[in-house]
Amino acid sequence: MEQQRIHQLRNYQASMEAAGLSVSFPGHRPLSRAQSSPASASSFPLSVRTQVVVKLGRLLSHPGLVYDSLMQKHQCMCGNTNSHPEHAGRIQSIWSRLQETGLRAQCECIRGRKATLEELQTVHSEAHVLLYGTNPENTLPLISSNGLATGELKDGFAVVRPPGHHAEESTPMGFCYFNSVAIAAKLLQQRLSVNKILIVDWDVHHGNGTQQAFYDDPNVLYISIHRYDDGNFFPGSGAPDEVGSSPGVGFNVNVAFTGGLDPPMGDAEYLAAFRCVVMPIANEFAPDIVLVSSGFDAVEGHPPPLGGYTLTSKCFGYLTRQLMTLAGGRVVLALEGGHDLTAICDASEACVAALLGQELDPLPKAVLEQRPNPNAVRSLEKVIEIHSKYWRSVHRYSTRLGLSLLEAKRGDSEEAEAVSAMASLSVANTNTMDHR
């Protein structure tokens, strides 16, 4: 299994380089398991510090925005800042876009603080934290922020880098060192005694680190929508039958799209996944708060090695709006992957607009009328087959996966009318019986 994972990771590096994106690490030891991470743990000097947002106090009415210019200083140890896909321009561009559009002025801007080593150890091993979290000569912040001012903000968006969801307990990988969202969830559990936390991960890559952190925890529901391709897409984890362990069985849901890019998944497929799997299970779970690993590398514009899907940026605004119906609207997004600057700026703008309650740009009629492609339907069928034993809410969708959004809404409307008619008939019969 380990050799297969290494093989997958080596293929990932090769495909990245074929796309003209360098992930080589001059001067580093040969790549081990963390093939596409900046390097294996054993080859890194002590070089990384981190921050995390933890605020206690009043509840603010505006969405929070987390940003800190210190994050711009982080760079891969290979020193290649020109063609590295994870670079400071990602967050600079997003922050500028939010300012230009006036969205930033409507939000509460928050600066992070440095995380303590103890906070990092809620998810990561002591050795990992000491290796990457301490260095008096380096100010690399790696802000491990969830954007959540715990207990202070109702919702928010964290414009942070580098990403975190691939970082495992003792292993950095996929440009990730510390798992921001997982740390946030642990602190919510420990400090505010939040009972039920939903983590939705819509980065195109599976969040192996987040899955690992909560695999046996029934109080954290992890739902990931990702490109899987039978384990042949990075990081190779995230199979639909990875459902959790011990008391956590059923609380790990992998919407693992298989079928490659023939055709690529787009808005119709993700809207179907939300309609038939994500939202039904999320509503049944009834979380107290929703954290989103908000990677935007499924947006059109990312080459096949980095995604290859064709979602529109505006679709993420609609996905955000759906999540806001949960947990009394307590939804916090934290930036994960996404490397096409136009795509991640557009998607961030759409998500923040959704959090602010603004009217969203309508989805094209063609998207609303489009049925999910056969590969997506088969993938969703597999998820429902596996999770129907844990979540009753998905049963009714097993025969409706192939419908377009408009067809599904029409069906829901007709079903609601039928239920209403039956209820009226029942009341009428009861009244008739009473008069007799």
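A residue is called buried when its relative accessible area is under 20%, exposed when over 50%, and partly exposed in between, using a 1.4 Å probe and protein chains only. By this rule, buried residues make up 58% of the 436 residues in the chain. The structure is a predicted model, in which local features need pLDDT of at least 70 and side-chain atom pairs count only at pLDDT 80 or more, while totals for chains, interfaces and linings use all residues. Residues are numbered from 1 along each chain as its sequence is written, and side-chain values use heavy atoms, with hydrogens and water left out.

Confidence comes next. The predictor reports its confidence in each residue as pLDDT, on a scale from 0 to 100. The average pLDDT of the chain is 79, and 73% of the residues score at least 70. Over residues 5–59 the pLDDT stays under 50, and the model gives this stretch 179 contacts beyond four places in sequence, where a contact means heavy atoms within 4.5 Å. Residues 135–146 also have a pLDDT below 50, with 58 contacts in the model beyond near neighbours in sequence.

Now to the chain as a whole. It holds 12 helices and 10 strands; these are DSSP runs numbered from the N terminus, with helices being H or I over at least four residues and strands being E over at least two. Of the contacts between residues at least 6 apart in sequence, 81% join residues at least 24 apart. The chain exposes about 17,000 Å², of which carbon and sulfur atoms supply 50%; such areas come from the Shrake-Rupley method with a 1.4 Å probe, and for residues only the protein chains shown count as cover.

Where is empty space left? Rolling a probe the size of a water molecule over the atoms shows this. On a 1 Å grid over the protein atoms alone, a pocket is an open set of points with protein on both sides within 12 Å along at least five of seven lines, whereas a cavity is a set where a 1.4 Å probe fits but cannot get out; lining residues have an atom within 4 Å of a point. Grid points are joined across faces, edges and corners, and a volume is the space filled by probe spheres set on the points. The largest pocket contains about 370 Å³ of space. Its lining has 15 residues, and Leu 271, Arg 275, Gln 322, Leu 405 and Lys 409 lie nearest the centre. Helices α7 (267–285), α8 (313–323) and α12 (405–435) each supply at least two lining residues, with the largest share, 5 residues, coming from α7. By class, the lining has 10 nonpolar, 1 polar and 4 charged residues. Here Ala, Val, Leu, Ile, Met, Phe, Trp, Tyr, Cys and Pro count as nonpolar, Asp, Glu, Lys and Arg as charged, and the others, Gly among them, as polar.

Some individual residues also deserve a look. Ser 224 sits in strand β7 (residues 220–227) and is buried, with a relative accessible area of 0%. Leaving aside residues up to four places away in sequence, Ser 224 touches Asp 201, His 206, Gly 207, Val 253, Asn 254 and Val 255.

In the loop between β7 and β8 (252–257) lies Pro 235, and the peptide bond from Phe 234 to Pro 235 is cis, with omega near 0 degrees. Asp 230 lies in the loop between β7 and β8 and has a positive phi near 55 degrees; at 55% relative accessibility, Asp 230 counts as exposed.
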